[in-house]
Amino acid sequence: AAMNARWGAAVRVLVLVRTWALAVGQVRYSVPEEAKVGTVVGRLPQELGLEVGDAEARRLRVVWQGRRAGVEVSGASGALVVSSRLDREELCGKSAPCSLRLELLQERPLRVFHVELEVTDINDNAPLFPAARKNISIAEVTTLPSSRFPLEGASDADIGANAQLSYTLSPSEHFALDLQKAEEDGESLFLVLTKPLDRETVPVHQLLLTASDGGRPSLTGTMELVITVLDVNDNAPHFNQSVYKVQLPENTERDTLVLKLNATDLDEGTNSNIEYSLQKLFPQDGREVFEIDRKSGEIRLRGDLDFEDVGLYRFQVDATDQGNAPHSGHCKVLIEVLDVNDNAPEVWVTSLSVPVPEDASVGTVVALLSVSDRYSGANGRVQCSVWPASPFSLESRFLGSYSLVLREALDRERVSEYEVEVRAEDGGKPSLRASRVVSVPVSDVNDNAPSFSQAVYTVLSRENNAAGAELARVWARDPDEAGNGRVSYSLWEGVIDENKGEIRLQGKLDYEEVNNYEITIEARDKGTPPLSGHCKVLLEVLDVNDNAPEVWVTSLSVPVPEDASVGTVVALLSVSDRDSGANGRVQCSVWPASPFSLESRFLGSYSLVLREALDRERVSEYEVEVRAEDGGKPSLRASRVVSVPVSDVNDNAPSFSQAPPRSVTATLSVSLVEGGEKALAVGGSSLSVPGLVLPAEGGAAAGSSSASTNVWLVVAICAVSSVFVLALVLYGASRWSPRSAVLSGPAPATLVCASEVGSWSYSQRQSRSLCVADGAGKSDLMVFSPNFPPPPPGPAAENSFVGIRPSPSPLNS
């Protein structure tokens, strides 16, 4: 047991020491560059004291310090493996050794392990020269043997033995290599000339320089050396002629090629490169007239030739090579100037009076011109003309002086400016010409009145347009300019924008009042004096459905007897709508359903006719609503209520609900009943009428039905007769009373009703309706329309009663 305890303590000490070493030290690994992906760099679990299958080993990840390299921790084994290409030259360049530092991070428990990874070099880079080809020039003869020419050595990206270079040169009897090594300066490589060069024998030498490194296997790089043998300048340039002669007309244009010289040199290279120059010119100012191209030998004319000034130019041309000891060749050039008619006439404008008003009169002088020619004789005789054909012509004032005058009327609106070319031509062979362009602008005068594109404009506008709305826009054209062409607009009636010609609505349009307007518009320019033009605008107002239909009762025949036949015309109606078109097309109907209907007589006229039999005892008066609706969208409606009272006819015989008593005292009372209906009421034991009392005979008629019937018949006849007499008396009184003017005459009938509480009246055109006050007593006074004829005697007279109100006393049984 003690032995086991000591062994356990020793193991714990070793683990602690190992852990401390990992914490304070580094784990070092080495891997060659270009190792394959998947190559195992190190067994991390063993190095860190972790078991391969332990989950802790799989929780390690690489944390890089600095540039990231292509290694990672394998998730399966926990080993550090190559994950991507390792290039030592890319990672460290020429630095040695190439060490990369990385940290391994364990998350649970959190621990950090330091790892140093060294990437070792392999010979994977061949020597490389700065250029694939190098050109070297060496002069023949003059370059002595043992002459050294420095060369740039190759470089190798590897390090150590892999970068140690050696050089070889392809076999040559004229050249060799010399490699010098010094600790201070490093390596120096030279090309050494071993034998003199002869350009005529071998003009170019081509050699191959090879560099080999010290790797196993060795890699090589090459550079081509092209050695050009330079020529010695032992030949001078030579012209094929000693004298060159050229003739040039004096009117030769500038930059014309006069002569191309060509000198040859038997040497090569710079020794045969020739430059040309002009020497010893006569006259001295010839340098400004002629110029020679130093490279090509072309002589060109740079100035103007004039036979009258210089007729001959002489100068010497030198050709010089570019050798170290340059040589020159010489020749002479003679240039003869030939005389030609090269002086064209000259035209000057001495005075110009522009612009010319477009209303200038014919013969107005526009400009004065002077024409001359340096030659005399035929060459100096000048003829002048104007081109193209224009409203201008030339008039000769005296020799060499002309006037440009107006020969036609001008119109600025057609042509605002003329370009007049004055041409002058001399009499030489060939003749010479000259010209001068004179710009003659034409100034504007107010000679055009504003004009509209149309004499009459038609504009449509709805009648509901608001005030200020734009109705139309007119435009007048004035071809004049500035103020002469600036147009303002005015309207005799209404509002128009003075500058834009916008016509705006000033008030409200009403199609039903005026549906067409004729507007006169004036357009006036700002000229002095101003001119004006006119146009008319015909404004057509479009209808809007803003008027509801109107219904009038033109004739009314009421009351209608209840026995009136079907088809009887009760009233005539007139329907109209102030709108037009669909807005004015009206449809009429009767509401509610009633014994009446509408029949169209003609446009806008309808008849209210009876279509069913009437029964006053069922309905004594009808309120017929005539509805009218137009065809607008939305439509407008109107209605008129027609009151149609029904008058009674004697179509019902009296009937008793029980047997008549033996002795009857009846009292008849006349009263106003609401609605103008008439009723007969019998009550009490005696029949009485105001002003008339009929007592029962003998006081008894019991037991005899015929006697009772006769009594009642006599009573009824007497009552009716009394009422009729009373009506006649009242009618006569109304004829002689001061109010007779109100109750009679051709005017519409007027009914006046008087009662204890006052009086009131009612008037309706063509109406026969009777009006009474509600609640009138027995003493009410009834006045009938004088337009009704007296009722005939008999049963029909009963209809003349306004009403019969029964006495409050009951009938005696």
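To begin, what share of the contacts in the protein between residues at least 6 apart in sequence joins residues at least 24 apart? Please then examine the open sheet that contains β33 and β36.

A: The model is predicted: local features need pLDDT of at least 70 and side-chain atom pairs count only at pLDDT 80 or more, while totals for chains, interfaces and linings use all residues. Residues are numbered from 1 along each chain as its sequence is written, and side-chain values use heavy atoms, with hydrogens and water left out.

The share is 65% among contacts between residues at least 6 apart in sequence, a contact being heavy atoms within 4.5 Å. The secondary structure comprises five helices and 52 strands; these are DSSP runs numbered from the N terminus, helices being H or I of at least four residues and strands E of at least two. Of the 813 residues, 37% are buried, where buried means under 20% relative accessible area, exposed over 50% and partly exposed in between (1.4 Å probe, protein chains only). The accessible surface comes to about 46300 Å², with 52% of it on carbon and sulfur atoms, as computed by the Shrake-Rupley method with a 1.4 Å probe.

The requested sheet is open and consists of four strands in the order β33-β40-β39-β36, with mixed pairing; two strands pair if DSSP finds at least two bridges between them. At its edges stand β33 (456-462) and β36 (487-491), each with a single partner strand, so one side of each has no neighbour in the sheet. Neighbouring strands here are turned against each other by 30° on average, direction ignored, the axes being lines fitted to C-alpha atoms.

Antiparallel pairing is found elsewhere, in strand β13 (residues 204-212), which joins β10 (residues 166-169) over four bridges. There, serine 166 has serine 212 as its bridge partner. With β14 (residues 220-230), β13 pairs in the antiparallel sense over nine bridges, and valine 204 faces threonine 228.

Not counting residues up to four places away in sequence, alanine 571 touches Val553, Ser555, Leu556, Tyr606, Ser607 and Leu608. Alanine 571 and leucine 598 are 27 residues apart in sequence and 9.7 Å apart in space, C-alpha to C-alpha.

Note on methods: Axes are lines fitted to C-alpha atoms, for helices over the stretch in contact, and angles run from 0 to 180 degrees between N-to-C directions.
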